[in-house]
Every structure is written in structure tokens, then in C-alpha cells.
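Open the model in your viewer and keep the selection panel at hand. The tour below moves from stop to stop.

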Amino acid sequence: MVRDMTVISVSVPEKLLERVENSIREQGFANRSEIVRQALRAFIMESRSLRELEGEIAASITIIYERGTKNEQISEIQHSFGDIISTYLHAHIEEDYCLEVIVVKGEADNLRKLVEAFRTNEHIDQIKVSILKTPKRPMP
């Protein structure tokens, strides 16, 4: 059965395209379209899960960005959400990239806003959110 498909055009940096091509070869994807469809499905599932959260949440947010980019914007985002950020770890990976793991605890709505700020920042290459709903404390 042939599905109706719409053709879209996507612009990506050369380095990202190289990584996509490597992933296609290494993981056996049929072509660029299939790897993009898979990535879009994963993004939609993660976004849906994040939208459905309520209450107090504990999470880690891992971001990767190119070293030397406008780190001021990333730092400004972190300062804007200082009330829910517990701590963070900054590391230099490879020679051109930085990785940060940010531990947060707070209301789900604030977590969503923080993740959205990172996702819409053009300097961030990758973002991964791992969520733990905080357990309710027993009544004394």
C-alpha cells in the first residue's frame, strides 16, 4: 500500500548532513527521508509526553551546542529559569562542542517553558529531556 506523502524541503548545516549520512549507513535507514520521518516521530512523542505532565517535576535536560557560539543566550535562558534549576554540569566534548546537563525541579509548566526556550534557540544542536515525576510526600 502506497501512502500519500508530501515533499518538504529542509535546510541543514553541512556538518549535520554529514552526521545524517553516517547514521543512514551505520543504522541501515533506507534514505534521508526515512531518517527524518523517524526523528520527527520521536520529537512528536517526546513533546506530547512533556505537554501531558502536571504538578511538581524533577528532570534533567541535556543540551549540546557548538563551542564558541553565542553562549550568552544560553546563559540568559538559564538565568531566567534559576528558580527551577538546581544545578548544571558543563563539559567540553569533542573539540568543537559543549555539553551541559541541567537538573531542574519545579512545576511542569515552568519546565515546559524552559525546554521550549532551549528548543527554539538556534545555537543548540541537540536537546534531550529525561523526566521523573517527583513522588508525593506522605502526610505526617
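**Stop 1**

Select Glu34, which counts as partly exposed because its relative accessibility is 24%. Keep in mind that this is a predicted model. Colour helix α2, residues 32–52: both partners lie in it, three residues apart, or about one turn of the helix. An α-helix has 3.6 residues a turn, so residues three or four places apart point the same way.

**Stop 2: a pair across the sequence**

How many salt bridges does a search of the whole structure find? The search finds seven. Go to the one between Lys15 and Glu66, where the closest N and O atoms are 3.5 Å apart. Lys15 sits in helix α1 and Glu66 in strand β1 (residues 56–66), so this pair ties together parts that are 51 residues apart in sequence. Check the accessibility of each partner. Lys15 is partly exposed at 39%, and Glu66 is partly exposed at 29%.

**Stop 3: a nonpolar patch**

Stay with helix α1, residues 14–27, and select Leu16. Is Leu16 buried or partly exposed? With 37% relative accessibility, Leu16 counts as partly exposed. Together with Leu16 they form a nonpolar patch on the surface, with about 360 Å² of accessible area.

**Stop 4: helix α4**

Select residues 108–119, which make up helix α4.

Which residues of α4 are buried? Show Ala108, Leu111, Leu114, Val115 and Phe118.

Now pick Asp109 and Arg112. Their side chains meet in a salt bridge, 3.9 Å from N to O. The two are three residues apart in α4, so about one helical turn separates them. Asp109 is partly exposed at 38% relative accessibility, and Arg112 is partly exposed at 22%.

**Last stop: a network**

Definitions and conventions
Residues numbered from 1 in each chain as written. Predicted model: local features only at pLDDT ≥ 70, side-chain atom pairs only at ≥ 80, totals over all residues. Heavy atoms only, no water. Helix = DSSP H or I, 4+ residues; strand = E, 2+ residues; numbered from the N terminus. Expected span 1.5 Å × (residues − 1). Buried < 20%, exposed > 50% of the residue type's maximum accessible area, 1.4 Å probe, protein only. Patch = residues over 30% accessible without salt bridge, like charges linked within 9 Å, V, L, I, M, F, W, Y side chains within 5 Å. Areas by Shrake-Rupley, 256 points an atom, 1.4 Å probe, with all protein chains shown as cover. Salt bridge = Lys/Arg side-chain N within 4 Å of Asp/Glu carboxyl O.
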